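Please look over the sequence and the structure below. Then read on for a short tour of the sheet, the core and the helices.

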Amino acid sequence: MTKNSDRILDDIRRDYDRLQLENRTRLEERKQEIFEKVPAYKTLLQNTRRAELSALYQKLAMPGEMQEGGSDDEETLMDQESLRRKKESLLVEAGYPADYLSGVWQCRDCEDTGYLRDAYGARSIRCKCFTKRLTERLSEESGLSELLKTENFDHLSLEYYQGEDLENFSRALDLCRKFAANPKDGYKNFFFYGNIGTGKSFLSCCVAKELLDKGLEVVYYSAGRLFDRLAAAKNAGRSDQEEDAGAVRSMIYDCDLLILDDLGTEWFNNFVFSELFSLINERILKEKPTIISTNLSLTDLKRIYSERLFSRITSNYLICKFTGSDIRREKARQRQEDQN
Ligand SMILES: [Zn+2]
């Protein structure tokens, strides 16, 4: 584990800080510009402020001290909605977009803080845009974006499969295409098992690409990397690393599609077994789709992991068997031949 890979959350927070600073500067510049070019806007703000103060004063003042309104201006306090409309119409009349002063943010929901306000007004709820950034970082980190340039349905070829191998692959392909076309149509999980190089990871990537293109959150991890990361955070006992692990955990539990590649290449120990079981179990309970791929046979799966896990998988996953020779080796051999 590199220290670097545990710094994702810090990086994201720094991005938000920078963004907010830029926003403040931009907003200030725009305000000055509008005050100069649209004097009516400035007047409106000043009058509103005065009306607010005088309303406040009247509320606080003792009955005997009630003062007559300090000015004859039309300063009745507008409700928020009329005020917003009035401001917008002034901007539009002057040739500016209606949201010139309200829309400096990339994300309006959290105003580029990354967090939404809870019932008490504190920014404590992670915004969707935060999750999106996190997914992007995690995907980047696991090399998914790089993989997806070549591993997608457009690059799919059946020329390496024959006979029963072709039948097996076509069945899996068919299921995956249907799922990818309508991921929310019925809850599905996939368990791909079989020899190395028979297209399991490739097919997972094809599905990932389709879902990402639909704007869904996809997280891809090889089992080894994922459990290393969780274990490192646990062993380090540092609060920031625990927080990172917490972020990873909430990603893998809640993303729209989790791809757990190469199950069986991780260390086998009780920590991994219990993390794996909760992960798979939770995602089933939440009806979040998962694709697991492994070179293990079903017998090994049952032998290595618990009976409990085995039955969770066999009763909730579409089990797809991949057979045939190693396509990667095949391709390498062909390249060699072409060169000669
Ligand atoms: Zn946001």
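## Buried or exposed

A residue is buried if 20 or more other C-beta atoms lie within 10 Å of its own, exposed if 12 or fewer, and partly exposed in between. Aspartate 262 has 20 C-beta neighbours inside 10 Å, so it counts as buried. This residue lies in strand S5.

Compare glutamate 287. With 12 other C-beta atoms within 10 Å, this residue is exposed. Glutamate 287 is found in the loop between H10 and S6. Its phi is also positive, near 55 degrees, and again the residue is not a glycine.

## The chain as a whole

This is a predicted model. The protein chain holds 13 helices and seven strands. It has 340 residues, and 25% of them count as buried.

Which strands form the open sheet, and in what order? There are five, in the order S4-S5-S6-S3-S7. The pairing is parallel. Strand S4 (218-222) and strand S7 (318-322) stand at the edges. Each has a single partner strand, so one side of each is left without a neighbour in the sheet. On average, neighbouring strands are turned by 15 degrees against each other, direction ignored.

Two pairings show the detail. Strand S3 (residues 190-194) pairs with strand S6 (residues 290-294) in the parallel sense, over four bridges. There, phenylalanine 192 has serine 293 in S6 as its bridge partner. S4 and S5 also pair in the parallel sense, over five bridges. Here the bridge partner of valine 218 is leucine 257 in S5. S4 stands at an edge of the sheet. Yet four of its five residues are buried, so S4 is largely enclosed by the rest of the structure.

Helix H7 (residues 200-213) lies across S3, S4, strand S5 (257-263), S6 and S7. H7 runs at about 165 degrees to S5.

The largest nonpolar core has 47 residues. Among those with the most contacts inside it are Phe192, Val207, Ala208 and Ile259. Which element gives the largest share of this core? H7 does, with eight residues. Follow valine 207. Not counting residues up to four places away in sequence, valine 207 touches Cys176, Phe179, Ala180 and Ile291.

## H6 beside H7

Two packed helices are described by the angle between their axes and the distance between the axes. For helix H6 (residues 163-181) and H7, the axes come within 9 Å and cross at roughly 15 degrees. The two helices are therefore roughly parallel to each other. H6 passes H7 in a right-handed crossing. The contact is made by Ala172, Leu173, Cys176, Phe179 and Ala180 of H6, with Leu203, Cys206, Val207, Glu210 and Leu211 of H7.

Now zoom in on phenylalanine 179, a residue of helix H6. Is it buried or exposed? Phenylalanine 179 is buried, with 21 other C-beta atoms within 10 Å. Leaving aside its neighbours within four places in sequence, phenylalanine 179 is in contact with Lys188 and Val207. Proline 289 is 110 residues away in sequence, but 9.9 Å away in space, C-alpha to C-alpha.

## H10 beside H12

The axes of H10 and helix H12 (residues 307-316) come within 10 Å and cross at roughly 30 degrees. These two helices are therefore also roughly parallel to each other. Their crossing is left-handed. Leu276, Phe277, Ile280, Asn281 and Ile284 in H10 meet Arg308, Leu309, Arg312, Ile313 and Asn316 in H12.

## A loop residue

Where is threonine 265? Its place is in the loop between S5 and helix H10 (270-285). Threonine 265 has 14 C-beta neighbours inside 10 Å, so it counts as partly exposed. Leaving aside its neighbours within four places in sequence, threonine 265 is in contact with Ser222, Ala223 and Gly224. Asparagine 295 is 30 residues apart from threonine 265 along the chain, and their C-alpha atoms are separated by 8.9 Å.

How values were computed: Residues are numbered from 1 along each chain as its sequence is written. This is a predicted model: local features need pLDDT of at least 70, side-chain atom pairs count only at pLDDT 80 or more; totals for chains, interfaces and linings use all residues. Two strands pair if DSSP finds at least two bridges between them. Axes are lines fitted to C-alpha atoms, for helices over the stretch in contact, and angles run from 0 to 180 degrees between N-to-C directions. Two residues are in contact if their C-beta atoms, placed from the backbone, lie within 7 Å. A nonpolar core is a set of buried Ala, Val, Leu, Ile, Met, Phe, Trp, Tyr and Cys residues joined through C-beta atoms within 7 Å. Angles under 35 degrees count as roughly parallel, over 145 as roughly antiparallel, 65 to 115 as roughly perpendicular and the rest as oblique. A crossing is left-handed if the near helix is turned anticlockwise from the far one by less than a right angle, and right-handed if clockwise.
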